[in-house]
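Please keep the coordinates open while reading the points below.

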Amino acid sequence: KGVPNATTSIQYQVMPLRPYYFDPMHETMTTSGAFYFVLGFFAIGQKFLQALVQEKEKKIKEGMKMMGLCTSAYYVSWYISYGIMVTIPCGIIAGISSMEAVAFFKYT
């Protein structure tokens, strides 16, 4: 069990680092990048609130329930509609941020 009189040697060295490069895009994104990412979702939130208020004013859900609509089908339609509306800007933002010309995450 174990080797008597065994020695262990540890070696270490400094890993090479890239030279510092000042990137103005990186500086811009660190200060205001989150704002630009969230800005893409403001229109979706506004449209959602507008549709919700309109539905409440016209009592669309109650009318459809009287016609035989299941509650689960109503909510699934909302999730599908707004899931698609959120997926599209997410894809656009991911595509833009992965472009070499923009390179949001070039040095991360």
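A residue counts as buried when its relative accessible area is under 20%, and as exposed when that area is over 50%, with partly exposed in between. The model discussed here is a predicted one. Its chain holds four helices and zero strands, and so the pattern read along the sequence is α-α-α-α.

**Overall make-up**

- Of the 108 residues in the chain, 14% count as buried.
- When contacts between residues at least 6 apart in sequence are considered, 65% of them join residues at least 24 apart.

- Helix 2 has 17 residues and reaches 24 Å from its first C-alpha to its last, which is close to the 24 Å expected at 1.5 Å a residue.
- Just after helix 2 comes Lys 59, with a positive phi of about 55 degrees, a positive value in a residue other than glycine.
- Lys 59 lies in the loop between helix 2 and helix 3, and Lys 59 counts as exposed because its relative accessibility is 54%, above the 50% cut-off.

**Aromatic side chains**

- Rings of Phe, Tyr and Trp are paired if their centres lie within 6.5 Å, and by this rule the count comes to five aromatic pairs.
- One of the pairs, Phe 48 with Trp 78, is edge-to-face, at 5.6 Å centre to centre and with 85 degrees between the planes.
- That pair links distant parts of the chain, since Phe 48 belongs to helix 2 and Trp 78 to helix 4, 30 residues apart.
- The two partners fall in separate accessibility classes: Phe 48 is partly exposed because its relative accessible area is 33%, whereas Trp 78 counts as buried because its relative accessibility is 17%.
- Trp 78 also pairs with Tyr 82, and here the rings are stacked, at 5.4 Å centre to centre and with 15 degrees between the planes.
- Trp 78 and Tyr 82 both lie in helix 4, four residues apart, or about one turn of the helix, and both are buried.
- Phe 48, Tyr 74, Tyr 75, Trp 78 and Tyr 82 form one aromatic cluster.

**Buried charges without a salt bridge**

- Glu 55 lies in helix 2, which covers residues 42-58, and Glu 55 is buried yet has no salt bridge.
- The nearest side chain of opposite charge to Glu 55 is that of Lys 56, 4.6 Å away, whereas a salt bridge would need a separation within 4 Å.
- Leaving aside neighbours within four places in sequence, Glu 55 is in contact with Ile 60, Lys 61, Glu 62 and Tyr 74.
- Lys 61 is found in helix 3 (residues 60-66), and Lys 61 is likewise buried with no salt bridge, its nearest side chain of opposite charge being Glu 62 at 6.0 Å.
- With neighbours within four places in sequence again set aside, Lys 61 is in contact with Glu 55, Tyr 74 and Tyr 75.

Notes
Residues are numbered from 1 along each chain as its sequence is written. This is a predicted model: local features need pLDDT of at least 70, side-chain atom pairs count only at pLDDT 80 or more; totals for chains, interfaces and linings use all residues. Side-chain values use heavy atoms; hydrogens and water are left out. Helices (H or I, at least four residues) and strands (E, at least two) are DSSP runs, numbered from the N terminus. Buried means under 20% relative accessible area, exposed over 50%, partly exposed in between (1.4 Å probe, protein chains only). Lys and Arg count as positive and Asp and Glu as negative; His and the chain ends are not counted. Contact means heavy atoms within 4.5 Å. The expected span of a helix is 1.5 Å times one less than its number of residues. Rings of Phe, Tyr and Trp (its six-membered ring) pair if their centres lie within 6.5 Å; planes under 30 degrees apart count as stacked, over 60 as edge-to-face and the rest as tilted.
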